[in-house]
Amino acid sequence: VVYSEPKDMSKLPTLSFVGTFPKKEELTRIRDMFDKLSKGIALIESIDIDEYGDARYFFNQHNSFVSTKVTDDASLVWSTLLSAIDTSPLATRFQNNKNDVEYIDLRFGNKVFYKFRKDGLLTHASTTTSTTRRATTTQ
C-alpha cells in the first residue's frame, strides 16, 4: 500500500490529440514547452495536437494560443519567442496588450507570426528573429 498526499491537479492542462498518441520524446518536448510558456507568458490551460504534429498551447481563457511543432526543440523555440517579444513591433504590442493576442505561431524556424485583436478587429503581422545554433564536436 502506498500513501501519498493529495495533489492539486486543477492547474494541469488538458491534452487532446488527433491520430496517434505522441511519442515519449514528443511528450517531453510538449512538457518542456508547457513549462516555459506557463512560467514566462501565461498559464497554459490546454494543449491540442493535430494529426500533422502541430501543438497549440491555449491561454487567456482559451482566447489565445501559441503554435509549435512537437518535433521542435523547446529551448530553441523558446529562444525564438523571447527574441521576438523583445523586438519591436511585437515587444510593445505584447507588453501593452497581452490579453489581445489571438495567436503567436512559432512553427516556421526563426519566423514568428502573430495576430492581435484591436477594438474587435483582427490585425496581424510577422517578424523574423535571429537565433544562434551552436555545433559542438568531440575529438
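## A salt-bridge network and its surroundings

At 26% relative accessibility, arginine 107 counts as partly exposed, because that class lies between buried (under 20% relative accessible area) and exposed (over 50%), judged with a 1.4 Å probe and protein chains only. Salt bridges that share partners join Asp54, Lys69, Asp105 and Arg107 into one network.

This is a predicted model, where local features need pLDDT of at least 70, side-chain atom pairs count only at pLDDT 80 or more, and totals for chains, interfaces and linings use all residues. Residues are numbered from 1 along each chain as its sequence is written, and side-chain values use heavy atoms, with hydrogens and water left out.

**The network**

A salt bridge is a side-chain nitrogen of Lys or Arg within 4 Å of a carboxyl oxygen of Asp or Glu. By this rule there are four salt bridges.

| Pair | Closest N and O atoms |
|---|---|
| Lysine 69 and aspartate 54 | 2.9 Å |
| Aspartate 54 and arginine 107 | 2.9 Å |
| Aspartate 105 and arginine 107 | 2.6 Å |

Aspartate 54 forms a salt bridge with arginine 107. Aspartate 54 lies in strand E3 and arginine 107 in strand E5 (residues 101-108), so this pair ties together parts 53 residues apart in sequence. Strands (E, at least two residues) and helices (H or I, at least four) are DSSP runs, numbered from the N terminus.

Lysine 69 also forms a salt bridge with aspartate 54. Lysine 69 sits in strand E4 (residues 64-69) and aspartate 54 in strand E3 (residues 54-59), so the two link parts 15 residues apart in sequence.

Buried or exposed: what is aspartate 54? Aspartate 54 is buried, at 13% relative accessible area. Aspartate 105 is buried too, at 8%. Lysine 69 is partly exposed, at 26%.

**The helices**

The axes of helix H1 (residues 24-40) and helix H2 (residues 74-85) come within 9 Å and cross at roughly 30°. Axes are lines fitted to C-alpha atoms, for helices over the stretch in contact, with angles from 0 to 180 degrees between N-to-C directions. H1 and H2 are therefore roughly parallel, a label for angles under 35 degrees.

**A nonpolar patch**

Leu15, Phe17 and Phe21 form a nonpolar patch on the surface, with about 260 Å² of accessible area together. Such a patch joins nonpolar side chains (Val, Leu, Ile, Met, Phe, Trp, Tyr) within 5 Å, from residues with over 30% relative accessible area and no salt bridge. Accessible areas come from the Shrake-Rupley method with a 1.4 Å probe. Phenylalanine 17 lies in strand E1 (residues 14-17). Phenylalanine 17 is partly exposed, at 32%.

Methods: Patch = residues over 30% accessible without salt bridge, like charges linked within 9 Å, V, L, I, M, F, W, Y side chains within 5 Å. Parallel < 35°, antiparallel > 145°, perpendicular 65-115°, else oblique.
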